[in-house]
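Please keep the model open in your viewer and follow the selections below in order. Each stop says what to select next and what is there.

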Amino acid sequence: KGSALILDESADEKASGKTAGAGRQHNGRLGKIEMSQVGTFLAYANGGLWMWIDGELFLPQHWFTRGMAKERKRLGIPPDRKFATKIELGWQMIERVNDEGLPFEMVCCDTLYGRSYWLRRKLSVAGLVYSADVPANTKVYLEEPVIGAPANKKGRRATKPRVLSKEQPIEVRQIATRSETKWTRIEVRGTERGYLNDEFSARRVWTTQGGDEPACEWLVMRRDAEGKIHYALSNESADAPLERLAWGKCQRVFIECANRDAKSESGWDELRAQKFPAWEHELALV
């Protein structure tokens, strides 16, 4: 009870591109594009306990070019390894731990993963509940859109389905400022500074991608003490109480705790080996 899987990435600065997976890519710790090695990690959290339980080294696409074949072999990158996005690596890990029978109530992730309609659909099809952060400019429908193949000018029906409804999608930040959006203050959990006691609001919305059937999701909004509003989409049941939605919206902090502890206390930041097996061995040790 009360446990969550949390998906995120963590980058480490590297001096050169001679380390497995290294390349010029976004380093969140530095806040810029830099020569870095990026791992995608899955944390498990329950109340005041948290830890990494799985991880995958992200290999940028240029690592799979013909010119990098010798370097892949030198660094011990498995020959059957194919390019996968961070989102795809995240789904592989979630599938893996779910198949192994690890019990959890919810999957949480930040906007990099949450804005992926593909990942949210995968989670729903697998019967997994998620709370996925999304950017403020994410577009949703307030009424269920009609999907179909429209007739073209010559009277023949198009083969590619699309949204036929006249209603246009709106950005989630527009919903937060509507007069009918009501806010409720909820005490979610303890923090180092007392209790997390922010304002929350939620409403049912619909999302779709291309001609896919629309998905009905909860739009969960959190207004923090500084007045900044954060957004998430969740496939919780239609009768889920606001307290439950607020709990899911506030779980992602625990992977930040896991990342911090791995680097500051468990030795992850001390890894200097170049090879892919060394990365996996260090991950298992940490």
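Helices (H or I, at least four residues) and strands (E, at least two) are DSSP runs, numbered from the N terminus. The model is predicted, so local features need pLDDT of at least 70 and side-chain atom pairs count only at pLDDT 80 or more, while totals for chains, interfaces and linings use all residues. Residues are numbered from 1 along each chain as its sequence is written, and side-chain values use heavy atoms, with hydrogens and water left out.

Select strand S4 (49-57), helix H7 (253-264) and helix H8 (276-285), each of which supplies at least two residues of the lining of the second largest pocket; S4 gives the most, with five residues. The lining includes Trp50, Trp52, Asp261 and Leu283, and its residues divide into nine nonpolar, one polar and two charged.

Next, select Glu105 and Arg244, whose side chains meet in a salt bridge (2.7 Å, N to O), the term standing for a side-chain nitrogen of Lys or Arg within 4 Å of a carboxyl oxygen of Asp or Glu. Glu105 lies in the loop between helix H2 (86-99) and strand S5 (106-109) and Arg244 in helix H6 (residues 242-249), so the pair ties together parts that are 139 residues apart in sequence.

Finally, move to Glu217 and Arg120, which form a salt bridge with their closest N and O atoms 2.9 Å apart; Glu217 sits in strand S13 (residues 215-223) and Arg120 in helix H4 (residues 117-125), 97 residues apart.

Methods:
1 Å grid on protein atoms, 1.4 Å probe; cavity = no way out; pocket = protein on both sides within 12 Å on 5 of 7 lines; lining within 4 Å. Nonpolar A, V, L, I, M, F, W, Y, C, P; charged D, E, K, R; others polar.
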